[in-house]
Amino acid sequence: MYYQFAWQTLRAQNRPIANQLGWRYGLLNGAYGLLQVAIAGSTAAAYSGSLVTLLHANDTGAGVVPLDGILPPALVAVISCLVGGIFSLGISYYAARNTAKLTGDVGLGQRAGMVAALLVVGFWTVLGILSALLTSTDGAFLTIDPFSHTGYGTQLIGIIFVVVVRALIIGGLSLLLAFLFATLGANAGKNRRV
């Protein structure tokens with residue numbers, strides 16, 4: 001009973017260390033999230049003319065949208081998101097590993113890894129909304145249609161809704177993988193503790 005109390009006290013004392021390391025790694029992760037959103041948003045904005053034409057693909061006077069006019073923004077969005085996801089998993093791993101190495105506690109290592117992962121999901125969502133407001137695109141294939149009868153504000157709200165739902169779905173799925181990588185990192189960190 002005494003050992004359990006001592007362990008709980010030590011864990012409580014080390015919890016701020018786990019939170020602090022998780023935040024630091026999460027901010028690093030957020031910096032890459034900013035880069036990913038900026039690249040995807042600017043690419044989609046550069047191809048907004050082709051994306052508007054795609055929205056009118058069923059209109060007889062719109063003409064055919066060449067594949068090279070719509071494929072680049074979608075590919076840039078997907079590839080940068082995959083690279084960002086891999087980077088994020090690595091950050092979760094190292095946050096967990098270093099915290100467990102420092103504290104000797106696998107649970108605190110997992111906590112730091114998950115704090116870093118949760119921060120990037122939050123950053124990515126907020127940055128995606130800001131990008132939608134600045135570029136009038138979702139960073140992939142949706143854009144504001146200036147020829148639509150639907151108002152600009154309504155279209156923008158729809159794009160922001162798509163950005164938020166996509167961020168929450170992809171973020172939620174990535175949290176499952178982040179937990180796995182945080183667990184692996186925490187176990188590796190505890191084993192390396194001197």
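## The second largest pocket

Let's start with a pocket lining: sorted by class, the second largest pocket has 13 nonpolar, 5 polar and 2 charged residues around it. This is a predicted model, so read what follows as a description of that model. The space in this pocket comes to about 310 Å³. Its lining is made up of 20 residues, and the ones nearest the centre are Ala77, Trp124, Asp138, Gly139 and Arg166.

Which helices supply at least two residues each to this lining? Helix 1, helix 3, helix 4 and helix 5 do.

## The largest pocket

The largest pocket has a volume of about 450 Å³. It is lined by 20 residues, with Cys81, Gly84, Gly85, Ile170 and Ser174 closest to its centre.

As for who builds it, helix 1 (2–46), helix 3 (67–103), helix 4 and helix 5 each put in at least two lining residues. Helix 3 contributes the most, with 8 residues.

## Nonpolar cores

Now for the cores. The largest nonpolar core has 7 residues, namely Leu89, Met114, Ala117, Val120, Val121, Leu175 and Ala178. Two elements give two or more residues to it: helix 4 (106–135) and helix 5 (152–192). Helix 4 has the largest share, at 4 residues. Apart from this core there is another one, of 6 residues, including Ala132, Ile144, Ile159 and Ile160. As a general point, nonpolar side chains in soluble globular proteins tend to be buried together.

What does valine 121 touch, leaving aside residues up to four places away in sequence? The contacts are Ala167, Gly171, Ser174 and Leu175.

Serine 136 sits in the loop between helix 4 and helix 5. Its phi is positive, about 60°, even though it is not a glycine.

Is serine 136 buried or exposed? Its relative accessibility is 14%, and buried means under 20%, so serine 136 counts as buried.

## Aromatic pairs

How many aromatic pairs turn up in a search of the whole structure? The count is 2. One is tyrosine 32 with phenylalanine 87, a tilted pair with 5.2 Å from centre to centre and 40° between the planes. Tyrosine 32 is in helix 1 and phenylalanine 87 is in helix 3, so this pair ties together parts that are 55 residues apart in sequence. Phenylalanine 87 has a relative accessible area of 34%, which makes it partly exposed.

The other pair is tyrosine 93 with tyrosine 94, and here the arrangement is edge-to-face, with 5.2 Å centre to centre and 90° between the planes.

Key: Residues are numbered from 1 along each chain as its sequence is written. This is a predicted model: local features need pLDDT of at least 70, side-chain atom pairs count only at pLDDT 80 or more; totals for chains, interfaces and linings use all residues. Side-chain values use heavy atoms; hydrogens and water are left out. A nonpolar core is a set of buried Ala, Val, Leu, Ile, Met, Phe, Trp, Tyr and Cys residues joined through side-chain atoms within 4.5 Å. Buried means under 20% relative accessible area, exposed over 50%, partly exposed in between (1.4 Å probe, protein chains only). Contact means heavy atoms within 4.5 Å. On a 1 Å grid over the protein atoms alone, a cavity is a set of points where a 1.4 Å probe fits but cannot get out, and a pocket is an open set with protein on both sides within 12 Å along at least five of seven lines; lining residues have an atom within 4 Å of a point. Grid points are joined across faces, edges and corners, and a volume is the space filled by probe spheres set on the points. Ala, Val, Leu, Ile, Met, Phe, Trp, Tyr, Cys and Pro count as nonpolar, Asp, Glu, Lys and Arg as charged, and the others, Gly among them, as polar. Rings of Phe, Tyr and Trp (its six-membered ring) pair if their centres lie within 6.5 Å; planes under 30 degrees apart count as stacked, over 60 as edge-to-face and the rest as tilted.
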